[in-house]
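Hello,

Here is the structure I promised to pass on. Please open it first, then read the notes below.

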Amino acid sequence: MDTVTLDLLARWVHFLAGIVWVGHNYSSVVQRPNWRPLSTEDLIDDQSPRFQALLNREHGTFRWAAVLTWCAGLFMLWQRDILGAALALHGAQAPIGVGLYIGTLMMLNVWFVLWPHQKKVLGLVPASVEERLRCSRITHLSSRTNTMLSLPLLFFMAAGTHGGFLFG
């Protein structure tokens, strides 16, 4: 495969996986703007409609979309030979580098904060009702954190692509 085709493929993978990942967070904010912690009843009856809706939404592909988005972004920076400059926040690559660091933080948040706690909420990992309730709050805050971080992430990605000269 030639470089132009690889670049096009990487851009589309990055774009589409990013929509799935970040879109998941935004839909969570839109669908549940007035979040309330799960109640004991929600967790005791795992067949409740509310719990099943939570299970169906959360036990999806968002965490793999995060990995795919991140890997495609790294690949594009590497392929353009600007990964080192972006990581060093050097010159015109500084904005995309800041975006890279924010995206990395978001992906780590998904895998090392949100998902381990979400597995307890969903009952995929044994946990007491109290622990599941505690984890429900943590997953809420973790998801909202990624939602808020996605705004500066998008800004720095756009600045890196279209306005990098302002920072160089």
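The buried residues of α4 are F62, R63, A65, A66, T69, A72, G73, L74, M76 and L77. Bear in mind that this is a predicted model.

Start with the helix itself. α4 has 18 residues, so at 1.5 Å a residue it should span 26 Å. Its end C-alpha atoms lie 25 Å apart, which agrees. Just after α4 comes D81, with a positive phi of about 60°.

Now pick out T69. It sits in α4, which covers residues 62-79. Is T69 buried or exposed? Its relative accessible area is 7%, and the cut-off for buried is under 20%, so T69 counts as buried. Setting aside residues up to four places away in sequence, T69 touches H14, A17, G18 and W21.

W21 turns up again in the largest nonpolar core. That core has 10 residues in all: W21, F62, A65, A66, I102, M106, M107, V110, L114 and L153. Both α4 and α6 (94-121) supply at least two residues each. Which helix gives the most to this core? α6 does, with 5 residues. Apart from this core lies another, of 6 residues, including L74, A86, I96 and L100.

Last, look at M107, a member of the largest core. Leaving out neighbours within four places in sequence, M107 is in contact with W21, A66, V67 and W70. As a general point, nonpolar side chains tend to be buried together in soluble globular proteins.

Best wishes

Notes:
Residues numbered from 1 in each chain as written. Predicted model: local features only at pLDDT ≥ 70, side-chain atom pairs only at ≥ 80, totals over all residues. Heavy atoms only, no water. Helix = DSSP H or I, 4+ residues; strand = E, 2+ residues; numbered from the N terminus. Buried < 20%, exposed > 50% of the residue type's maximum accessible area, 1.4 Å probe, protein only. Contact = heavy atoms within 4.5 Å. Core = buried A, V, L, I, M, F, W, Y, C linked by side-chain atoms within 4.5 Å. Expected span 1.5 Å × (residues − 1).
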